[in-house]
Structures are given as C-alpha cells and as structure tokens.
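Thanks, everyone. Let's get the model up on the screen.

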Amino acid sequence: MANPETFKLTYSTMFDPPAALHERFDAALDRVRATLGGDYPLWIDGAARTTARQFEVRSPIDRDWLIGRFAAASADDVAAAVAAARRAAPGWAATPWTERVRALRRVAQLIEERVYDIGAALALEVGKNRMESLGEVQETADLFTWYCDQMEANAGFDRALPDDPLRGWLSRNRSVLKPYGVWAVVAPFNFPYALAGGPVAAALVTGNTVVFKTASDTALSGWLLLEVLRDAGLPAGCVNYISGSGSEAGAALVADPAVAGVTFTGSYEVGMDIVRRFANGAWPRPCIAEMGGKNAAIVTRHADLERAATGIVRSAFGLSGQKCSACSRVFAERAVADELRRLLTEKTVALSVGDPTRREHWMGPVINAAAAARYDKCTSNLREHGRILVGGTPLTQGGLDKGHFVAPTVATAPYGYSLWRDEKFLPLVLVGEVESLDEALLRANASDYGLTAGFYGGRDETAQFLARIEAGVTYVNRPQGATTGAWPGFQPFGGWKGSGTTGKAIGSYYYLPQYLREQSQTIVE
C-alpha cells in the first residue's frame, strides 16, 4: 500500500492508493450527499442569475438520487454572459501576466483543498469510480498549475528580438503573444471538471475572458468549477458559467459573433460543425476541437499477454468505456489471439460492477438512458453479425435496475462490421486476429480517428509501432492502461486526424500559444 505522505495521485498510480485516501473520500461522500437536490443559478458578470426554466440532473447510479435543479440558459442569458466577458476582456488582458498566474495558482490550491468533496460529487453525478473521480479533480488542479508554469517558463510569451542593423538608428524589435478576447469552453459529460477546467485555465492565464458550459448531464461539476474560480477572487466578468442544453445554450454560445475563440470537447459531428462555423465568418477564428477516438491496441506474439490483457481491460472498461481514449479495438497476432481472448474474458468476468462510490466496485453505469439504449442496440446487432465472448446484457440485479448499468463486453466480428469503425462510447471492445505487426498497423490506422493507441510486443518492434501509428498519444507495454491514462506534464493528450483540429495536446509545452495571437513590434528611437 502506498504511503499517504508521499503518494502522488495520477491515472497511473490510482490502482494502489493509501487507505487514508478511501477514508477521506467516504467522509466527503457523506458531506456531499447531504447537500444534494439544491437549486443552482447561472453565474454572469460576477453575480448569480436565475432563469425562468430549470432542468433536473439525476444520478446515473440511481435515478431516485436528485443531484440538483439547474438554471436552463436561454439565448438571451448566453448573450448576457458573452457581453459580460467582452466588457471584462480589456482589463483582464491588461493585467500583468504575473498577476494572472498568481490568481490561477490560487484556483489550483482551492481545488486541491476541496479534492475529496468535488471528487465525491463527480462520482455521484458522472457515475465514475472514486479513484477516477479523485483523479479527475487532481488532474484539473495540475492543469492549472502546469499552464501557470508554462507562462512563467515562457516569460509571458514576450520576447526581445535582435535590433535592426541600421546605421544611425536604433530600431528595437519584439515578438509578443496577445489574447484574442472572449473564449468559449464547451465540455463533455465524461470529464466535466478537467475538460472544462483545463481550457478555462489556459484561456484565463493567457489573458482571455471566458464563458464556459458543461454537458447538461453534469451541470453540478460545472458549478463546482465556477465556485473555485469565484472564490479565488477573479474580477467580475472574467469567468461566466452557463448551464442548459447543447441545442439551445451551447448552440447560442458558439453562434455568438463576439466569441473570439472556442475550445470544444465532444463528438466528431458537433466538433466539425463548430470548426466550419468558426472558419466561415468575416475572418477565421481559432477553434480547438478535441473530438472522438476509435483507439486500437496491438498485441504481437512477443507480448507479455498478462500485461496486455490487464491494460486492455482497464482502458476498455474504465468509466464504462465512456472515454474518447477508451480501447475499443484490439488486433492480436494469430499465434497469441486465443490466449489473449481467454485472459480478456477472465479479467472482464472478474470486474465488480455496481455503485461506483463504493470502494469494492470498479465499474459504474453509463451516463443516461440514451447510452443504455445504444448499448442494447449494439449488443443485439453484434449477436447477429459477430460473437459475444462475455457481457452483452443490461444489469438489473441487486437494485442496479434503478441506474443505467450494463455488462462490460468483449466480442469478435468480421473486419467489415461497422463497430470496427464507429465510436459508440460504451464498455465494448472488439478483438480481431492479424497475421503480422504490419497488418495490425494498417488496420489500426484505417480509421478517421487518431487519438490514442497501445502496443504490446518485443522491444525491437516498438520503433516500428511508434514510427507508423497514426495517433497523438501512444503507450507501449503499459499495464496501467493500453490507451488511457494521460496526465499533465507526463503525457500530453491530443489527437490526430478526426480526433483533433490543431495537432497540439492538452497539458503540453505547445498548448498555450493556441490561445494567443502574435504581434511583431518595431520601435525606432
């Protein structure tokens, strides 16, 4: 068991936490449960704003658990939030970057102080297990810290250049990166805290003001992020929070011409629509779209199969397969395919599925009824076109019928089958056989997506995998997760092809400049 005094929580270390971590989580869970069911407003221009309409959020673990009632932002509410951010933008941009860094380091500190309570709330609202929930909150604090560190490492992105070689004149030159203005952040349900908090941190530390929205299924997570930003003392209008549906509030936000840039995380279809919208205005505006993944793990005859099976199961079924980085395709060399399938089946059967706030349960529910229905449709279709090795059924025993629980599923199917191509965001992984590493790489790359990829094989095969795989995040011989588990400062996280628009990764050295535009300054004295 890890020492609580030296333990550093990441997605790689979360499998062996100290006992004190569980004790603190359980205490926080009791505190958070006592606060469920409240009413939550919008936050615009430094003040709460109520709306005529509200919507309920209920836990996917048990639909009888009311998380809260949240303000449903109208187009007018969104316009007010953008207008507030626009008014605040000149003052925040003029704030010395060192002061912005100090303010956002306070945010990181507040997140760490509240890590257990926020983590418990995420577990209840998203349905992820306690370690994944705590990991997400700590990841968010680390993203704030990382972006502050990068601002300092780059001296605020203000660089002196050589003087012009002129006789009789002193001509000084500088390159300065400056903020765009109002930045919109639209975050998904699966990592509502980190995938809102990370872009919010990047936008703010670089001098932009922000309007952000999380998915309607996870509106509490967005409010809890707003609270730490508010309590850190950021000026009114610098951060504005809206809740509501994507079709109304989200659409109004990305349609507002006063929004200078956007970071979106979600589906390929919605992301590409936003990309096109931001490219087709009076001038192109920056759009950082992090979209889906159809992530593959390759297993060769030289692999440690125990390590491979452990990593694949963790990546296929962590958060019930609802990660853009989840492993949904496996290509195994024929010589080891039978044994790998046996191990995957054995490890999947051993998974404990249930209320993920309880220590003994590793996998929780899918997020909502639509996801459960999608699972039913996929598994029913698989029975016709492939073969289910384990799983394939909804789970209703022991009170699980009150939530959206489904069985983790391992299956095989012909390579022409649609599930080899389509992202479903479910605990479902297909295992196929290949003759060689070359064939495995060709099949892995035959996808519109290119987010993450895993490899298990010999040391002399690794170079070929890394040279040829078309993915932004790669893992080799990693039992902690075949395709999942990136952490700020350790593994930058971003996709190629249809998985991302910029080729730059979250938590990397190259992320912050995307929120800035360059101005060349020449002054002749």
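Ground rules. This is a predicted model, so local features need pLDDT of at least 70 and side-chain atom pairs count only at pLDDT 80 or more, while totals for chains, interfaces and linings use all residues. Residues are numbered from 1 along each chain as its sequence is written, and side-chain values use heavy atoms, with hydrogens and water left out.

Start with the helix pair. Helix 13 covers residues 437–445 and helix 14 covers residues 459–468. They pack at an angle of about 25 degrees, and their axes are 11 Å apart. The axes are lines fitted to C-alpha atoms, for helices over the stretch in contact, and angles run from 0 to 180 degrees between N-to-C directions. Helix 13 and helix 14 are therefore roughly parallel. The cut-offs: under 35 degrees is roughly parallel, over 145 roughly antiparallel, 65 to 115 roughly perpendicular, and the rest oblique.

Who makes the contact, meaning heavy atoms within 4.5 Å? Helix 13 gives Leu437, Asp438, Leu441, Leu442 and Asn445. Helix 14 gives Glu461, Gln464, Phe465 and Arg468.

Two of those residues pair up. Asp438 forms a salt bridge with Arg468, closest N and O atoms 2.8 Å apart. Our rule is a side-chain nitrogen of Lys or Arg within 4 Å of a carboxyl oxygen of Asp or Glu. This pair ties helix 13 to helix 14, 30 residues apart. Asp438 is partly exposed, at 36% relative accessible area. Arg468 is also at an intermediate value, 29%, and counts as partly exposed. For the record: buried is under 20% relative accessible area, exposed is over 50%, partly exposed is in between, with a 1.4 Å probe and protein chains only.

How many salt bridges does the rule give? The count comes to 30. Some share partners: Arg334, Asp338, Arg341, Glu433 and Glu435 join into one network.

Next, Lys347 with Glu306. Their closest N and O atoms are 2.6 Å apart. Lys347 sits in helix 11, residues 334–349, and Glu306 in helix 10, residues 305–317. That is a link between distant parts of the chain, 41 residues apart. Buried or exposed, for Lys347? Buried, at 18%. Glu306 is partly exposed, at 41%.

One more bridge. Arg87 pairs with Asp45, closest N and O atoms 3.2 Å apart. Arg87 is in helix 2, residues 75–94. Asp45 is in the loop between strand 2 (42–44) and strand 3 (47–49), 42 residues apart from Arg87. Arg87 is exposed, at 55%. Asp45 is partly exposed, at 35%.

Stay on Asp45 for the backbone. Most residues other than glycine have a negative phi. Asp45 has a positive phi of about 55 degrees, although it is not a glycine.

Ser320 is another case. Its phi is positive too, about 55 degrees, and it is not a glycine. Where does Ser320 lie? In the loop between helix 10 and strand 14, which spans 327–333. Ser320 is buried, with a relative accessible area of 1%.

That's my list. Over to you for comments.

Conventions:
Helix = DSSP H or I, 4+ residues; strand = E, 2+ residues; numbered from the N terminus. Contact = heavy atoms within 4.5 Å.
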